[in-house]
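I opened the notebook to look up how the pieces of this chain pack together. My entries follow in the order I made them.

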Amino acid sequence: MSAGQKFRNALKDNKPLIIPGTINAYSAILAEKSGHKAIYLSGGGVAAASYGLPDLGITSMEDVLIDVKRITNASSLPLLVDIDTGWGGAFNISRTIKNMIDAGCAAVHMEDQVSQKRCGHRPNKSLVTKEEMQDRIKAAVDGRQDESFFIMARTDAIASEGINGAVDRISAYVEDGADGIFLEAATSLEEYSAVKDKIEVPILANITEFGKTPLFSKDELANVGVDMVLYPLTAFRAMSQIAEKVYISLAKERTQEGLLDIMQTREELYERLNYHSFEQKLDELYKD
């Protein structure tokens, strides 16, 4: 079964489908062992965690592909990937889709901001025309070798065009082949309902912390027809906060003894990585 079909099956079987962000391969392993059915790689997360850069369209397709391959090699869960604006014109976008499929990715979302994009929850975002985004979607669909691969259109239009403008754009994106819709920076449950009333494809709610969207619950979102609930950087934010506290404590206390209770133990790490089976294989290969 292809990765795209795994994603579609997970979407069908889970109402709504919870999709946590996994910033690297080990995070993907932890999410899978915790019982999740799909995972996500954030473009902003790649920029911050892998390159120490802000989410301003600085990283490239190749930068993201490196992390995609590491994650898909470590986890069997279908991976949704943020491909920003597709990284170029029609041929570039088609190439992006082909490369994502080859890397084991199951689904992508592509947005209608200009190429010099901003974080979806920041001010002064600029959008391309509806027609230009439709061309992006056509190029993405044309580059799809696997028909089950899931192509999602993200719109940032609420901030500048309101929900009516966003709905107008979304309807056009679906007509040109988008398999799902990512409604960015929604501020009310009614906005999700307005989209769901106009289209039949699945919609995604981005429940990111400290942004424009309230932290709606899974049940609240399900009640207005949301099909996917994304938590893009929840784990990463928690990991980063803990890591920074550890670094500060080490600089001050010169010992980690007071930090042991917040650490994963060596044996817990080994269990998550299935370490002992690798060690046993070495023993079998190199026994006397």
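This is a predicted model: local features need pLDDT of at least 70, side-chain atom pairs count only at pLDDT 80 or more; totals for chains, interfaces and linings use all residues.

**Entry: α3 and α4.** The angle I noted is about 80°. The axes of α3 and α4 lie 10 Å apart. Helix α3 covers residues 43-51.

Which residues make the contact of α3 with α4? From α3 I listed Val46, Ser50 and Tyr51. From α4 I listed Asp63, Val64, Ile66 and Asp67. I sorted the contact by class and got four nonpolar, one polar and two charged residues.

**Entry: α4 and α5.** I stayed with α4, which spans residues 61-74. Helix α5 spans residues 90-102. I found an angle of about 15° between α4 and α5, with the axes 10 Å apart. The two helices are therefore roughly parallel to each other. I noted their crossing as right-handed.

On the α4 side, the contact uses Met61, Glu62, Val64, Leu65 and Val68. On the α5 side, I wrote down Arg95, Thr96, Asn99 and Met100. By class, I have five nonpolar, two polar and two charged residues for the contact of α4 with α5. Val64 is listed in the contact with α3, and Val64 is listed in the contact with α5.

**Entry: the sheet.** Next I looked up the strands. I found an open sheet of eight strands with parallel pairing. The order reads β1-β8-β7-β6-β5-β4-β3-β2. Which strands are at the edges? They are β1 (17-20) and β2 (39-41), and each pairs on one side only. The twist from one strand to the next averages 25°.

Strand β4 holds residues 107-111, and strand β5 holds residues 150-155. β4 and β5 pair in the parallel sense over five bridges. I checked Val108 and found Ile151 of β5 opposite Val108.

**Entry: helices on the sheet.** Where does α4 lie on the sheet? I see α4 lying across β2 and β3 (79-82). Helix α4 runs at about 170° to β3. Helix α7 (residues 158-175) also packs on the sheet, touching β5 and β6 (180-183). I noted about 175° between the direction of α7 and that of β6.

**Entry: α7 and α8.** I followed α7 to helix α8, residues 189-196. Their packing angle is about 25°, and the axes are 9 Å apart. α7 and α8 are therefore roughly parallel to each other. I recorded a right-handed crossing where α7 passes α8.

Ile158, Ile163, Val167 and Ile170 are the α7 residues here. They meet Glu191, Ala194 and Val195 in α8. I divided the contact of α7 with α8 by class: six nonpolar, no polar and one charged.

**Entry: aromatic pairs.** How many aromatic pairs does a search of the whole structure find? I got three. One of the pairs is Phe7 with Phe150. I noted 5.2 Å centre to centre and 55° between the planes, and the pair is tilted. Phe7 sits in helix α1 (residues 3-13), while Phe150 sits in strand β5. The pair links distant parts of the chain, 143 residues apart.

**Entry: backbone points.** Most residues other than glycine have a negative phi, and most peptide bonds are trans. I looked for departures and kept two. The peptide bond from Lys15 to Pro16 is cis, with omega near -10°. I located Pro16 in the loop between α1 and β1. Phe210 has a positive phi of about 65°, although Phe210 is not a glycine. I placed Phe210 in the loop between β7 (203-206) and α9 (218-223).

Terms used. Residues are numbered from 1 along each chain as its sequence is written. Side-chain values use heavy atoms; hydrogens and water are left out. Axes are lines fitted to C-alpha atoms, for helices over the stretch in contact, and angles run from 0 to 180 degrees between N-to-C directions. Helices (H or I, at least four residues) and strands (E, at least two) are DSSP runs, numbered from the N terminus. Angles under 35 degrees count as roughly parallel, over 145 as roughly antiparallel, 65 to 115 as roughly perpendicular and the rest as oblique. A crossing is left-handed if the near helix is turned anticlockwise from the far one by less than a right angle, and right-handed if clockwise. Contact means heavy atoms within 4.5 Å. Ala, Val, Leu, Ile, Met, Phe, Trp, Tyr, Cys and Pro count as nonpolar, Asp, Glu, Lys and Arg as charged, and the others, Gly among them, as polar. Two strands pair if DSSP finds at least two bridges between them. Rings of Phe, Tyr and Trp (its six-membered ring) pair if their centres lie within 6.5 Å; planes under 30 degrees apart count as stacked, over 60 as edge-to-face and the rest as tilted.
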